[in-house]
Structure formats: C-alpha cells, structure tokens
Amino acid sequence: ENHTLSTYFDYSSYLAPTHERQHDYKYFTDRVERVGFAGTEVNEVAVDTKIEYIWELSDAITIDSGVEVEINQIPKVTSVSGEFAANGTLVPFPGEPLNQNVDFSRDVFAAYLLFKNSIGEFDYQLGMRMEHSARKANYHFDDTADQTLAVPYHKKEVDFFPGFHSTYSFTETNQISAGYTRRIRRPRYYELVPLKQYSDPYSYYSGNEALSPAFSDAFEVTYLTSRNKDFFSVEVFGRKTTNVIQHFSRIVVSEKVLTTPENVGRSLSRGCEVMGGVDLFTWWNLNTSISLYAYQLKVNIDNAERMEDKLRSDCKVNNTFLLPKAFTLRWGLYYDSPQVMAQERQSGLFYSNLSVTKNIQNNRWQLNASCFNVLNSRKTTGTIRGDGFLVEYERKHKPYATFRVAYRFNNQK
C-alpha cells in the first residue's frame with residue numbers, strides 16, 4: 001500500500017485599490033462632453049488551497065480524496081457614472097445613485113472522493129464532490145436626503161456532483177470509453193455585483209446578485225484507436241444545462257437599455273466530435289478536431305417561453321513544429337460557427353494564434369513569445385433584439401502579443 005499526501009496554498013491581495021475608467025466623447029457644435037464611469041475595488045483578498053490524499057490499495061485500486069477552499073472577498077466595490085468636468089472630476093448624472101458601493105464575498109468549501117479500479121481490460125472510476133458555497137453582495141447608496149440605505153443579499157448553497165467514467169480496451173491500440181459528469185459554472189464576481197454602470201450613451205450594465213449558477217449534466221461515449229503517437233477518435237455526446245447564464249437587456253427609465261446577466265432557461269446539445277493527431281514528419285505534428293451538434297435553448301424569462309434551435313459546427317487545427325536549437329513553433333487555427341442566444345444572434349468567426357518557445361539549460365529556463373489573432377481576422381457581427389429595441393453591432397479584436405519567461409526548479413516535475 002502506498003500513501004501520498006500533498007497540499008497547495010495560494011494567497012493574493014492588492015496593495016492598493018484598483019481603478020477603472022471609461023471615457024466617451026459627445027461632440028456638439030459649441031462644446032465637447034466627456035461621459036463615462038469610474039470604478040474602484042478596495043482590499044481584494046483571494047485564497048486558494050487544497051489538501052489531497054491518495055491511497056493506493058493495490059496495483060488496481062486507488063482511492064483519491066481531498067478538500068479545497070476558495071475565498072474571494074472585496075469589501076468595497078464602487079462605481080460612478082456621469083460627466084467628466086474639465087479638471088477631470090466626475091459629476092454624477094442626474095438621478096444616479098450617490099456613493100453606491102457593494103461589499104462582496106464568495107467562499108466555496110469542497111470535499112471529494114474518487115474510487116478507481118481495474119479489472120482486466122476494464123477500468124472504471126466513481127466519484128462524488130460536495131461543495132458548500134456562501135456569498136454576499138450587500139449594496140449601499142445615499143438617497144436624496146443624504147441617508148445611507150442598505151440592501152443586503154446573502155445566499156448559501158450545498159451542491160453534489162457525481163461522476164462516472166469507464167474504459168474497455170479491445171487491444172493495446174483500440175478502446176471504447178463512456179462517462180457521465182455533473183458540472184457547475186459559477187457566475188463571475190462582476191456578474192454578481194449589483195452596481196449600475198455606464199456602458200455607452202444608450203445603455204447601462206448591472207450585475208445581478210440573485211444570479212444562480214448553471215449546472216450541466218454531460219454524457220459521452222468515445223472510440224479511440226492509436227498507433228505510436230498517431231490517434232483517431234470519435235465521440236458522441238449529450239449535454240443538458242439548467243440555469244443558462246446569458247446577458248439580457250430591457251428598456252428602463254429615459255429609454256435607456258439596461259443589460260444584466262440572467263438565468264434565461266435551459267439548453268440541450270447533442271452531437272459528435274471527430275479528433276485526430278498525426279506526425280506528418282518527425283518535426284511536424286498535426287492535431288485536428290471537428291464537432292457537429294444540434295443546440296436547443298428553451299428560453300424562460302419575464303413570463304415568456306420560446307425555443308431557439310441552431311445546428312453548430314466548430315473546428316480546431318493545431319500545428320506543432322520542432323525547430324533546430326530547441327525552438328518549438330505552435331500555430332493554431334480556429335473556427336466558431338454562428339450562435340443563437342435568448343436575445344442575440346452572432347455570426348461565426350475565424351482566428352489564428354502563433355507562439356514560439358525556446359528551452360534553455362535542459363529545459364530549466366523557458367522563453368515564450370505569443371501572438372494572438374495573428375491574421376487580424378477575429379471579428380463578429382450580430383443583432384440584439386428585445387421588447388422595443390434592436391441593436392446591430394460589429395466587434396473587432398485587435399492582435400496582441402505576450403512574452404513570458406519561466407524558470408523550473410529541481411523539485412518541480
């Protein structure tokens with residue numbers, strides 16, 4: 001019997017408040033106005049820790065268990081929307097909430113147990129994960145009488161996530177697998193902070209403190225055949241998601257559009273994915289995946305129900321080139337097909353990423369330079385249609401580059 005105990009701990013905190021501003025210019029015949037918002041986050045603290053215990057009862061049986069803790073606290077999040085004066089001072093728009101701020105926190109405590117076993121050519125694993133989450137988003141603002149009003153919000157939840165996966169090997173190069181997992185997509189913190197914030201002259205954005213996580217139940221069956229480093233696989237899958245999270249817009253006071261994240265309904269995806277990888281040459285590896293699936297979204301919001309359907313297909317092509325002098329070049333090409341959402345229709349998009357990596361001193365040092373959207377092709381068009389309004393848009397993403405230096409210590413694998 002072998003026993004392994006490992007732990008991980010990460011703590012981060014900002015030494016000073018973080019600031020965010022947006023400036024838009026409105027041109028008139030006799031003047032120019034600067035409008036937008038200014039926001040801050042004060043004393044954010046994030047803690048992420050994990051303790052894992054692995055017990056190998058035999059060559060075939062393993063028990064994996066552990067606990068995880070994720071803590072995220074931002075005691076003060078502020079936002080002011082208005083007009084910027086000549087000296088840079090932000091004057092709130094008439095009717096704007098004054099001195100609005102949110103005390104936000106979300107803590108997630110998890111425990112899991114995973115049982116693995118092998119019986120001849122058959123491998124399987126059973127797992128269960130339990131998560132207890134507690135969050136708050138207490139909203140404060142001043143009314144016209146200079147009184148501070150508080151709108152508290154607290155929510156606690158306990159969720160369970162079972163999982164099962166099995167594999168049967170017909171030969172050393174052919175196998176079939178099947179599995180089921182239940183997953184969660186928690187809202188991002190800014191989706192939960194209920195601060196009304198300027199987006200453009202016609203619209204605002206606000207988080208939704210009552211937003212629920214989205215839960216997905218995924219089933220998949222996969223056939224895989226391989227030869228040396230080459231492989232080919234076909235996967236048939238189904239995925240059902242409840243509490244689907246999407247942006248939803250409504251017309252509010254002064255004919256402005258207010259966009260908030262909402263649980264818009266439930267979705268169902270059914271289809272297949274074909275994947276393959278091959279060494280075309282000793283220095284060139286090609287990895288490709290193509291998926292084709294039917295997507296259905298049953299929208300249920302604002303006392304209205306309807307069904308949205310879309311046949312989707314996505315493609316990924318990844319090339320890896322081993323170059324002289326320990327250089328590695330990676331070139332990826334990606335296509336995402338058109339999407340349909342509760343209010344939005346979005347066109348497909350194509351983009352490409354390129355990176356070069358250099359290893360030095362037996363891989364102890366690693367230098368990486370990456371360029372994203374290298375062909376400057378990542379752009380989408382779409383429409384957002386709601387009660388009493390229609391928005392047409394075009395979004396373009398500019399190419400950008402990053403450079404990274406990493407050092408690997410002796411005790412790291």
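These legends describe close-up views of a predicted model. Local features need pLDDT of at least 70, side-chain atom pairs count only at pLDDT 80 or more, and totals for chains, interfaces and linings use all residues. Residues are numbered from 1 along each chain as its sequence is written, and side-chain values use heavy atoms, with hydrogens and water left out.

**View 1. Strand β5 and its partners.**
Strand β5 covers residues 62-84. Strands are DSSP runs of E with at least two residues, numbered from the N terminus. Two strands pair if DSSP finds at least two bridges between them. β5 runs antiparallel to β3, with 9 bridges. Here Gly-36 has Gly-82 in β5 as its bridge partner. Strand β4 (residues 45-56) joins β5 through 12 bridges, also antiparallel. Glu-52 faces Gly-66 in β5 as its opposite residue. Strand β7 (residues 98-119) pairs with β5 in the antiparallel sense over 15 bridges. In that pairing, Ile-63 stands opposite Phe-115.

**View 2. Two hairpins that use β5.**
β4 and β5 form a hairpin with 5 residues between them. β5 also forms a hairpin with β6, with 5 residues between the strands. In this β5-β6 hairpin, Gly-88 takes a positive phi near 95°. Strand β6 (residues 90-92) pairs antiparallel with β5 over 3 bridges. Phe-84 has Leu-90 in β6 as its bridge partner.

**View 3. Strand β10 between β8 and β11.**
Strand β8 (residues 122-142) and strand β10 (residues 154-169) run antiparallel, joined by 15 bridges. Glu-131 stands opposite Asp-159 in β10. Strand β11 (residues 174-185) is joined to β10 by 7 bridges, again antiparallel. Phe-164 has Tyr-180 in β11 as its bridge partner. The β10-β11 hairpin has 4 residues between its strands.

**View 4. An open sheet of 4 strands.**
The strand order is β20-β21-β24-β25, with antiparallel pairing. β20 (339-340) and β25 (389-396) are the edge strands; each has a single partner, so one side of each lacks a neighbour in the sheet. Strand β21 (residues 344-346) pairs with strand β24 (residues 379-386) over 3 bridges. Glu-344 stands opposite Ile-384 in β24.

**View 5. The second largest pocket.**
A pocket is an open set of points on a 1 Å grid over the protein atoms alone, where a 1.4 Å probe fits, with protein on both sides within 12 Å along at least five of seven lines. The second largest pocket has a volume of about 360 Å³, the space filled by probe spheres set on the points, which are joined across faces, edges and corners. Of its 21 lining residues, the closest to the centre are Phe-93, Pro-94, Glu-96, Tyr-204 and Lys-256. Lining residues have an atom within 4 Å of a point. β3 (32-42), β12 (197-200) and β13 (203-205) each give two or more residues to the lining.
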